[in-house]
Amino acid sequence: MGRRRNEIAGIPARLKTDPDEEEKMTETRTYKDVQLGESLPELSIDLTVSLIVAGAVASQDYTPVHHDKKAAQEAGMQDVFMNILTTNGLVSRFVTDWAGIDSRVTHVAIKLGTPNLPGDTMMLSGEVTAMDDESGSITVAITGKNAWGNHVTGTVDLLLPGGVN
């Protein structure tokens, strides 16, 4: 069988913590399933030139530093680096893989720190920091770290089924 596009780009097909958890990843969490302070399973993403360039092209960001190594070096970087739109997509994907297909992202607020460069790994982690019983929304604080430090920090707000009383 052929490999999935995400696997070719260096992104795991979906979050996996252990074989027993794999079946749960296809289900949507309900508001009642979530606990304040709950940690999301970490996601490790290998940063490749293909991932960085494909993310920039897919988001129509043709700024040369995201696809041209020479331009990135002329700008003071050692190689091409990930754009914020790719990071935003990976953060949203990280949280929705945990929450499930019936969850809905309502707000993303992220801040970039150190650049994501090819050959490094970004480790995404998250924690449920707020829950609103009236709306059924939750807030997940996220951090994405690489060898230089925090690449991304921020929050993602989600609506989960079964949350409105």
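A nonpolar core is a set of buried Ala, Val, Leu, Ile, Met, Phe, Trp, Tyr and Cys residues joined through side-chain atoms within 4.5 Å. Buried means under 20% relative accessible area, exposed over 50%, partly exposed in between (1.4 Å probe, protein chains only). This is a predicted model: local features need pLDDT of at least 70, side-chain atom pairs count only at pLDDT 80 or more, and totals for chains, interfaces and linings use all residues. Residues are numbered from 1 along each chain as its sequence is written, and side-chain values use heavy atoms, leaving out hydrogens and water.

**Exercise 1.** Find the residues that touch the most other members of the largest nonpolar core.

Step 1. The core holds 26 residues.
Step 2. Ile45, Val95, Trp98, Leu124, Ile138, Val140 and Leu158 touch the most other members.
Step 3. Two or more residues each come from β1 (39-46), α3 (49-58), α5 (84-99), β3 (121-132), β4 (137-146) and β5 (149-159). Helices (H or I, at least four residues) and strands (E, at least two) are DSSP runs, numbered from the N terminus.
Step 4. The largest share, 6 residues, is from α5.

**Exercise 2.** List some residues that Leu158 touches.

Step 1. Set aside residues up to four places away in sequence.
Step 2. Apply the contact cut-off: heavy atoms within 4.5 Å.
Step 3. The partners of Leu158 include Val95, Trp98, Ile138 and Val140.

**Exercise 3.** State the element order and the buried share of the protein.

Step 1. Count 5 helices and 5 strands.
Step 2. Along the sequence they run α-α-β-α-α-α-β-β-β-β.
Step 3. Of the 165 residues, 40% are buried.
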